[in-house]
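Biologist: Could you walk me through this one step by step? I would like to see how each answer is reached.

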Amino acid sequence: REDIDGVVYMLDSTSDPFQQVNIMMIGIIESRKLPVIIAANKIDLPDAAPQKIRSAFPQHPVVPISCLEGKNIEELYEQMVHSFR
């Protein structure tokens, strides 16, 4: 669609980011030349590892967030404003 300015792709930071579906979805988004921000959700959990997501997709900004606690949501909004112009 022509009216899409960018994509926020949310990943569970307690799961393996190298799952086939994630690689495929990021590839599809990249092929459409859309900017991507990856939201690494669930950083409130003890086994969260947003750094693994950063390592898996270094070409895109990764914002660690907790939807449950509302942590870093403002940072995500700021990244959206910066990336989706």
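Biologist: Which residue in S2 is the bridge partner of Met 10?

Modeller: A word on the source first: this is a predicted model, where local features need pLDDT of at least 70, side-chain atom pairs count only at pLDDT 80 or more, and totals for chains, interfaces and linings use all residues. Residues are numbered from 1 along each chain as its sequence is written, and side-chain values use heavy atoms, with hydrogens and water left out. S1 and S2 pair in the parallel sense over six bridges; two strands pair if DSSP finds at least two bridges between them. In S2, the partner of Met 10 is Ala 39.

Biologist: And in S3, which residue is the bridge partner of Ala 39?

Modeller: Strand S2 covers residues 36-41 and pairs with S3 in the parallel sense over three bridges. Strands here are DSSP runs (E, at least two residues), helices are runs of H or I with at least four, and both are numbered from the N terminus. In S3, Ala 39 has as its bridge partner Val 63.

Biologist: Which strands stand at the edges of the sheet?

Modeller: The open sheet has three strands in the order S1-S2-S3, with parallel pairing. Two of them each have a single partner strand, so one side of each is left without a neighbour in the sheet: S1 (7-12) and S3 (62-64).

Biologist: Which residues make up the covered face of S1?

Modeller: In a regular strand, side chains alternate between the two faces of the sheet. In S1 the uncovered face holds Val 8, Met 10 and Asp 12. The covered face is Val 7, Tyr 9 and Leu 11.

Biologist: At what angle does H1 run to S1?

Modeller: Axes are lines fitted to C-alpha atoms, for helices over the stretch in contact (heavy atoms within 4.5 Å). Angles run from 0 to 180 degrees between N-to-C directions. H1 lies across S1 and S2, and its angle to S1 is about 170°.

Biologist: Is Asn 22 buried or exposed?

Modeller: Asn 22 sits in helix H1. Leaving aside neighbours within four places in sequence, Asn 22 is in contact with Tyr 9, Leu 11, Asp 16, Pro 17 and Phe 57. Buried means under 20% relative accessible area, exposed over 50%, and partly exposed in between (1.4 Å probe, protein chains only). Because its relative accessibility is 6%, Asn 22 counts as buried.

Biologist: Which residue meets Lys 42 in a salt bridge?

Modeller: A salt bridge is a side-chain nitrogen of Lys or Arg within 4 Å of a carboxyl oxygen of Asp or Glu, and by this rule the count comes to one. The pair links distant parts of the chain, 30 residues apart: Lys 42 is in the loop between S2 and helix H2 (50-56), its partner in strand S1. Lys 42 counts as partly exposed because its relative accessibility is 33%. At 3.2 Å, N to O, its partner is Asp 12.

Biologist: How far apart are the C-alpha atoms of Ser 15 and Lys 42?

Modeller: Ser 15 lies in the loop between S1 and H1. With 30% relative accessibility, Ser 15 counts as partly exposed. Ser 15 and Lys 42 are 27 residues apart along the chain, and their C-alpha atoms are separated by 9.9 Å.
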